Amino acid sequence: MQRTVGFIYAHPDDETFGCSFLIRQISDEGAAAVLLTATQGEAGKSGRLGSMTPEQLAAIREQELQRAGEILGIAEIEHLRMGDGKLREMKQEVLVDHIVAFLNKHQAEVVVTFPADGISGHPDHIAIHHAVNKAVFSGACRFVQKLYYNLMGLPDAKAAGAAVLELKGEGQQEVKAKALAAHDSQILSIERVFGKLDDGPPWHFAPELFQLVWERGSFHPAKQEHSIFDDLA
Ligand SMILES: [Zn+2]
């Protein structure tokens with residue numbers, strides 16, 4: 001059976017920022033990476049594309065995500081089209097139900113999402129973090145065996161003996177640069193984090209880190225991991 005990894009994020013581009021190496025690797029190994037994106041990112045800025053309405057930006061960001069998904073090899077993208085910036089105001093059960101339905105539909109065995117601080121502290125990211133926790137820990141996601149948080153540079157977690165998978169992105173730097181560039185409307189925030197993309201090649205993106213926080217009912221298993229597919233039943 002083909003392995004499936006579910007990525008649960010808030011805005012188009014969240015997946016590319018933190019998971020480009022991982023998604024490309026999953027796809028290259030013949031497994032499936034599927035993505036659920038809660039909002040269209042219509043409250044964001046439109047950077048060099050100039051001013052536009054939220055509706056126009058929403059449409060553009062969906063197209064950008066489609067393009068990034070093709071570059072990374074995402075098998076399927078689903079959009080909930082909830083209000084950008086409004087996830088914490090809505091009933092959490094609604095979000096949880098959507099996440100459970102998505103993960104069950106795709107029979108996802110592994111889930112990747114934001115850590116508690118949402119990486120950037122964005123309230124939508126934190127709302128997604130809590131909703132995914134609730135969905136997975138409830139046991140309602142029948143196929144899920146492992147949950148990972150996507151970290152951006154957290155050597156402390158490694159030092160504390162946590163199971164952290166580190167992907168350095170050998171041979172994948174150009175893929176990440178192209179996927180980031182596909183999110184054209186977000187280029188200013190991308191450059192704030194990663195520097196100017198057109199300065200490369202070579203690019204030097206930081207490693208992507210994934211902390212295993214739950215595996216079949218046990219929290220923070222202390223183990224050495226080599227792949228997110230390690231120890232799946
Ligand atoms: Zn975001």
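I count a residue as buried when its relative accessible area is under 20%. I am working with a predicted model here.

**Entry: glutamine 173**

I looked up glutamine 173 with that cut-off in hand. Its relative accessibility is 16%, so glutamine 173 counts as buried. I found glutamine 173 in helix H6, which covers residues 173–182. Next I checked what surrounds this residue. Leaving aside residues up to four places away in sequence, glutamine 173 touches Phe21, Lys168, Trp203, His204 and Phe205. I also noted that a polar atom of the glutamine 173 side chain lies 3.4 Å from the backbone oxygen of glycine 169.

**Entry: the zinc ion**

Which residues are the protein donors of the zinc ion? I found His11 (ND1), Asp14 (OD) and His125 (NE2), lying 2.1 Å from the ion. I wrote their spacing in sequence as H-x2-D-x110-H. Aspartate 14 lies in helix H1 (residues 14–28) and histidine 125 in helix H4 (residues 123–137), so this pair ties together parts that are 111 residues apart in sequence. I then asked myself: is aspartate 14 buried or exposed? Aspartate 14 is buried, with a relative accessible area of 8%. For histidine 125 I noted a relative accessible area of 8%, so histidine 125 is buried.

**Entry: cysteines**

How many disulfides does the structure hold? I found zero. Cysteine 19 is buried, at 0% relative accessible area, and cysteine 141 is buried, at 5%.

How values were computed:
Residues are numbered from 1 along each chain as its sequence is written. This is a predicted model: local features need pLDDT of at least 70, side-chain atom pairs count only at pLDDT 80 or more; totals for chains, interfaces and linings use all residues. Side-chain values use heavy atoms; hydrogens and water are left out. Donors are N, O and S atoms within 2.8 Å of the metal (3.2 Å for Na, K and Ca); water is not among the atoms, so sites may look incomplete. Helices (H or I, at least four residues) and strands (E, at least two) are DSSP runs, numbered from the N terminus. Buried means under 20% relative accessible area, exposed over 50%, partly exposed in between (1.4 Å probe, protein chains only). A polar contact is a pair of N or O atoms within 3.5 Å; within protein, one must be able to donate a hydrogen and the other to accept it, and residues adjacent in sequence count only if both atoms are side-chain atoms. Contact means heavy atoms within 4.5 Å. A disulfide is a pair of cysteine sulfur atoms within 2.5 Å.
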